[in-house]
Amino acid sequence: MGGLKVENLSIEDIDGWHDDGWCNRLLRARVIVRAEASSFYASLWVKGENGRNEPVIASISLGFGAPLIADVPPDSPTTIQVPVALAPGQEVSFRIFCENQLQEKGSDARDLSFVLLGLGVQ
């Protein structure tokens, strides 16, 4: 999956992710856990634009669980971790939402928000 670092997961379905790592504001996926884990994580990067230096809000939710909300500072890779008990072979669906809307995208017609750098369980 391009430059996406995946740890202890296999990705079965993913919607909102592009081969170059950029994602829409809403990313949805279904994964299968490959190792016993106590946390699920996603690493994001948001481009700083127009002198913005305040963080943007992102959230991650697993299954029907409540979302975990985090601040993602621009131009700084940020990892969001959700505590959870997962067993090998377990299937999990998740959603990542990021309030950022990329403004400076040149001729790219996609509605982009963030770059997904990594995804996994530990």
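**Close-up views of a predicted model**

View 1. Strand β5 (residues 56–62) and strand β6 (residues 68–72) run antiparallel and are joined by 5 bridges. Strands pair if DSSP finds at least two bridges between them; helices (H or I, at least four residues) and strands (E, at least two) are DSSP runs, numbered from the N terminus. This is a predicted model, in which local features need pLDDT of at least 70, side-chain atom pairs count only at pLDDT 80 or more, and totals for chains, interfaces and linings use all residues. Residues are numbered from 1 along each chain as its sequence is written, and side-chain values use heavy atoms, with hydrogens and water left out. Ala58 stands opposite Ala70 in β6. The hairpin has 5 residues between β5 and β6, and Gly63 in the turn has a positive phi of about 55 degrees.

**View 2. The largest nonpolar core.** This core (buried Ala, Val, Leu, Ile, Met, Phe, Trp, Tyr and Cys residues joined through side-chain atoms within 4.5 Å; buried means under 20% relative accessible area, exposed over 50%, partly exposed in between, with a 1.4 Å probe and protein chains only) has 30 residues. Those with the most contacts inside the core are Leu27, Phe40, Leu44, Phe94, Ile96, Phe114 and Leu116. β3 (22–33) gives the most to this core, with 5 residues.

View 3. Gln101 lies in the loop between β8 (91–98) and β9 (114–121), and counts as partly exposed because its relative accessibility is 27%. Beyond its neighbours within four places in sequence, Gln101 is in contact (heavy atoms within 4.5 Å) with Arg25, Glu49, Asp111 and Leu112.
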